[in-house]
Amino acid sequence: MSIAVLVDHTDGHVRSTSLELLTLARQLASTTGLPVHAVWTGADPQAEVVAAHGADALHVVRVEGADEHLTTSVVDGLQTVLTALGDVSLLLVASTFEGKEVAARLAVRTGAGVVTGASGVELADGHWTARKTVLAGTWDTACAAASSLAVVALAPHAVQAAPLAVPAETRLVEHAVQASAAARAVSVVSREPRPRSERPALAEAEVVVVGGRGVEGDFSGVEELADVLGAAVGATRVATDEGWIGHEAQVGQTGVTISPRLYVGAGVSGAVHHKGGMAAAQTIVAINNDPDAPIFEFADYGVVGDLTEVLPALTAALRARRG
Amino acid sequence: MRVVVCVKHVPDLQSARSLGEDGRLVRGGDDDTLNELDEDALEAGLRTAEAAGFGKDDGGEGHDVTVLTVGPAPAVEALRRGLAMGASTAVHVSDEALAGSDAIATARVLAAAVAKLHAEQPVDLVVAGMAALDGLTSLVPAALAEVLGWPQLTLADRIEVTDGLVTVRRETSTDVEVLTAPAPAVLSVTDQAFRARFPNFKGIVAARKKPVATWSLADLGVDPATVGSAGSATWVAQAAERPERSDRVLVTGDAETVPALVDYLSEKGFA
């Protein structure tokens with residue numbers, strides 16, 4: 001048996017979620033003795049980053065005949081490595097839309113059981129079992145895979161990425177594969193990078209500050225707090241529908257699902273739609289002038305108060321503290 | 001043009017949703033409803049078909065928008081809603097052996113139903129929502145594409161079909177892409193671009209007269225062992241309602257509450 005990790009990368013750089021996957025794989029390897037195989041589809045692998053996070057081998061697979069960034073191409077590449085290894089019992093992918101789509105196609109090809117949005121994984125009674133919170137944070141479950149291969153899509157920040165003190169001696173293995181017909185059928189007409197803000201990406205951010213109806217159109221207090229915390233800015237559906245901020249900032253079941261280490265909600269009521277997209281946050285702080293707001297039922301720390309006073313004071317206090 | 005829209009009947013988000021002893025979602029409550037994100041998928045399907053002539057008195061011939069669902073008897077309500085919004089036909093795959101199907105097993109059944117429709121009259125597009133608001137796995141569209149062997153064009157916010165080529169615009173977490181593939185293709189749509197129309201009285205009345213086909217697994221030639229609990233590669237080993245928290249902090253006040261909050265954030269390592 002062995003463990004495989006799909007290493008996701010953008011512009012040649014390993015994404016932070018993949019470092020978390022590698023860290024978890026190494027933790028699982030230390031308790032089970034299984035080797036860890038990192039899989040990189042495409043050119044120019046960041047081998048030193050993968051080695052720093054402890055993979056025993058890095059498999060670099062080139063997919064020929066289709067755009068290498070397409071989900072189906074990534075699946076073609078991954079399947080090639082899994083077939084070559086023949087003994088992978090756990091594949092870790094990030095629980096992003098892209099990661100989940102890879103998991104879905106691979107599950108159909110291999111008969112693997114898939115668990116998405118997992119907060120942890122363990123080997124129990126010979127089955128890989130993943131923990132996950134469901135129904136807008138109201139239930140905790142453990143899902144086990146009956147298949148010889150389990151695919152687990154891990155939520156961002158379920159583990160904290162930690163490089164080794166001394167990098168592993170990672171073996172490099174190269175593969176090539178012809179893209180499947182379904183991958184070859186898709187052509188990329190254009191691909192432009194989205195405008196990047198200087199703030200971290202919402203889905204992957206460790207800290208997220210969210211503004212809701214209560215900000216009444218003014219996100220400046222939210223943005224200033226986000227900047228002092230090094231946080232991403234999010235919003236509720238009301239705030240994006242009102243046009244106070246772009247739709248890409250929407251956190252909720254129909255927007256971005258987040259699982260940051262710290263969530264700060266300003267003027268957020270905590271309606272079930274929104275809760276479903278953020279209930280996996282590890283620490284939830286809420287500021288709202290309505291004591292009956294549902295968010296106070298699940299916040300770790302609630303301030304019933306005026307956000308136009310609390311936010312600037314909090315920002316100033318944190319800034320002073322950081323000197 | 002022929003469009004198939006996959007829809008799901010789910011417990012209402014506002015209702016008290018729960019898991020049963022088997023770890024499966026409790027379904028069949030009075031509040032169960034058409035998954036909101038599937039309304040966006042249907043809207044996208046209707047608009048794309050309309051652009052090709054669907055629904056026009058003079059040019060509607062040959063165009064069809066079918067809503068398709070897999071689920072127990074009450075799931076027919078999701079199809080009724082889809083028909084009221086303007087779909088022309090509906091297919092309900094219902095079979096006792098389906099109970100406990102996970103997302104991948106469900107995709108296999110949907111694929112068998114799409115294949116049967118495709119054999120009757122070629123399908124150009126299969127459209128699904130970006131997620132179902134119960135399981136939130138987002139696995140079905142890609143799995144469906146894989147089973148069918150069709151290209152996937154997911155998370156679309158614009159769709160165009162010209163001369164048998166399907167073109168979509170999509171935003172990934174890093175890029176804005178325009179992708180194209182020959183029909184038939186499997187699409188999913190975001191909730192941003194296709195704000196669903198509301199069924200009017202005429203639509204609701206007309207929906208009662210529109211046909212709903214009910215297919216069993218035998219009708220689809222699907223082996224019951226490949227679906228339901230037997231055909232699903234995952235099972236829920238434990239399920240527990242989260243206990244009430246006892247360590248919550250609630251304070252009242254404005255700027256004067258900030259020092260305590262800063263201390264709290266500091267203890268947690270954020271300040």
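Select helices H6 and H10 of chain A, where A:Gly221, A:Val222, A:Glu224, A:Leu225, A:Val228 and A:Leu229 of H6(A) meet A:Leu311, A:Leu314, A:Thr315, A:Leu318, A:Arg319 and A:Arg322 of H10(A) (contact means heavy atoms within 4.5 Å; helices, H or I of at least four residues, and strands, E of at least two, are DSSP runs numbered from the N terminus). By class, this contact of H6(A) with H10(A) has seven nonpolar, two polar and three charged residues, where Ala, Val, Leu, Ile, Met, Phe, Trp, Tyr, Cys and Pro count as nonpolar, Asp, Glu, Lys and Arg as charged, and the others, Gly among them, as polar. H6 (residues 220-229) and H10 (residues 307-322) of chain A pack at an angle of about 20°, with their axes 9 Å apart (axes are lines fitted to C-alpha atoms, for helices over the stretch in contact, and angles run from 0 to 180 degrees between N-to-C directions). That angle makes H6(A) roughly parallel to H10(A), since angles under 35 degrees count as roughly parallel, over 145 as roughly antiparallel, 65 to 115 as roughly perpendicular and the rest as oblique.

The model is predicted, local features need pLDDT of at least 70, side-chain atom pairs count only at pLDDT 80 or more, and totals for chains, interfaces and linings use all residues. Residues are numbered from 1 along each chain as its sequence is written, chains are lettered from A and ligands numbered from 1 in the order in which they are written, and side-chain values use heavy atoms, with hydrogens and water left out.

Next, in chain B, select H2 (residues 76-85) and H5 (residues 201-209), which pack at an angle of about 125° with their axes 7 Å apart, and this makes H2(B) oblique to H5(B). Here B:Arg80, B:Leu83 and B:Ala84 of H2(B) make the contact with B:Gly203, B:Ile204, B:Ala207 and B:Arg208 of H5(B).

Now show both chains: 77 residues of chain B are in contact with 85 residues of chain A. Across this interface the rule finds seven salt bridges (a side-chain nitrogen of Lys or Arg within 4 Å of a carboxyl oxygen of Asp or Glu). For a salt bridge to inspect, pick B:Asp191 and A:Arg237, whose closest N and O atoms are 3.2 Å apart.

Finish with the backbone. The peptide bond from B:Ala183 to B:Pro184 is cis, with omega near 0°, and B:Pro184 is found in the loop between strands E9 (175-182) and E10 (185-189) of chain B.
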